[in-house]
Amino acid sequence: MNASPEAVWKECLDFIRDNISRQSFRTWFEPLRAVSLDEEDDVVKLTVQLPSRFYYEWLEEHYFTLLRKTITKVLGPNGRLFYDIVIERDEAEPHGAPPRSGASMQLPARQPSNVPPASGAPGAPPAGLPPMGAPEGTPPPAGVEPPTALPVGIGGGRRPVANPFAIPGVQKVEVPPNLNEAYTFEGFIEGDCNRLARSASWAIAQQPGSTAFNPFLVYGGVGLGKTHLIQAIGNYALANKTVETVRYVSSERFTSEFVQAIQNNRISEFSATYRSIDLLIVDDVQFFGGKEKTQEEFFHIFNALHQDGKQIVLSTDRPPKDIAGIEERLLSRFGWGLSADIQAPELETRTAILKRQAEKDGMQVRPEVLDYIATHVTNNIRELEGALIKLQAHAALVHQEIDLQMAREVLRDLITETRPSLTVEEIQRVVCDYLKIPEDLVRARTRKREVVQARQIAMWFSKKLTSHSLKTIGLHFGGRDHSTVIHGVGAVDDQIDTDPAFREIIEGIKKKLELHTR
Ligand code: ADP
Ligand code: MG
């Protein structure tokens, strides 16, 4: 292979760029660097470096299909993508830790299949099977290799494998927990939005199977922390030995393992293995919808575990009653224990999560920048983290410190969508809050000096920062007419010119208001 890794990666980037939004491209692909290009036994291996593990997870979760398509297009069917991940500080050793070299570790991109294909090209997924490979929610452990035979021997050490149910000739396999060790209780910020779910999870982790919360079902929208929380239960239980065996699995993965077990005539092993687990965590069970055979198998496993006092933890993206295509008998079992929801986080929780994230990444971020992000990125914690990473990547690129100005520029696309526009009432609230004056007084008739001043300042900002006419602004201040507004604005302008202390007050208020604007 004569081409350079850079040239090949550039070709990949050109293809990727045409297939995703500019913003996503800038955030997720521009910071990646090609490291090497090797050819071995017909397999062409392109390695790219990722700035952090988060990139790895994000790419695998969101761009797996695109990356696969790209690599096939540029390198042909025998092309393989590998990641070289720059290790984050104090990152925990994952189970079956991947090999480390210097400050990075190498992981293969998720491959279409880890089992020898029944027919067709090497590495092609068996017909009708979803792609299998790396454990979900966690980078694949060392030993998850592309493609062909799995190098596993019974008693041959603790080498974890991607799918323990597809290994011919192995009777008893240690069940890999499939957990991402980064998902802990310590790293999970508690807020009103998740309090019940978190406390219940904590109680379960102490005594799996022995609380009234069995099964325990967490539900809530995308990116709100379900996977993190349910994996935290597993990580805690393993670390503190409150159980012996844990398995985390997404419902999709459970399904494909089941399908594979059918194809390989290994249903009884599949079933027996799952029944031997002390703490079974199944993520996103809404995807069981419409899969009758899988549901039936899961129903029997569920019953067996429950009867034996084993803990079952489930998550879904909606309340159980709204899940379509799931048999009534299974749904009713989901409701036997406790269902707890996770809501979108409040401002304080968002800020705390960002702060924690910045600390974890060793980033120096000023509080007003964190406030700015937390104020504007409101629906989803994954987006919050994404915003911070984007900023981090940008700051590293331009060798500058992160400040509000940079945040505003870099996050513009992200934030316009969620930005609430500034209203006269918000301005009044911020001004009064800053000057410690009851807000309703600026709309009242009071002529007390400090109230008049607050009122004029709020009018001045309303003129500057909203598109309202003087008349409309006057109406928001207790129905005053436009000449009063003109007078107020003029008075503030005058004082700004002559009084440095006053200028500082204006600056201070401006900073607060900026958190509400683009
Ligand atoms: P879901 O499974 O609900 O889609 P995830 O568990 O994948 O969401 O969470 C998305 C990201 O947000 C993860 O990186 C997770 O660590 C982080 N996260 C979610 N909730 C919290 C929280 N309360 N504290 C800290 N990080 C959180
Ligand atoms: Mg999830």
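Domain bounds here come from an automatic or database domain assignment. With that in hand, look for ligand 1: domain 2 (195–342) and domain 3 (347–417) both give residues to the shell around it, so ligand 1 lies between them. Keep in mind that this is a predicted model, where local features need pLDDT of at least 70, side-chain atom pairs count only at pLDDT 80 or more, and totals for chains, interfaces and linings use all residues. Residues are numbered from 1 along each chain as its sequence is written, ligands are numbered from 1 in the order in which they are written, and side-chain values use heavy atoms, leaving out hydrogens and water.

So who sits around the ligand? There are 17 residues in the shell, and the closest are Ile189, Gly223, Thr227, His228 and Arg382 (a residue is near if one of its heavy atoms lies within 4 Å). Now zoom in on oxygen atoms of ligand 1: a side-chain N or O atom of Thr227 is 2.7 Å from one, and a polar side-chain atom of His228 lies 2.6 Å from one. Glu385 also brings a polar side-chain atom to 2.8 Å from a ligand oxygen. The protein covers 92% of the 560 Å² of accessible area that ligand 1 has on its own (areas come from the Shrake-Rupley method with a 1.4 Å probe; for residues, only the protein chains shown count as cover).

Next, find Lys390 in helix α13 (residues 381–398); helices are DSSP runs of H or I, at least four residues, numbered from the N terminus. Lys390 is buried, with a relative accessible area of 7% (buried means under 20%). The backbone oxygen of Val410 lies 3.2 Å from a polar atom of the Lys390 side chain.

Methods. Helix = DSSP H or I, 4+ residues; strand = E, 2+ residues; numbered from the N terminus. Buried < 20%, exposed > 50% of the residue type's maximum accessible area, 1.4 Å probe, protein only. Polar contact = N/O pair within 3.5 Å; in protein donor to acceptor, adjacent residues only side chain to side chain.
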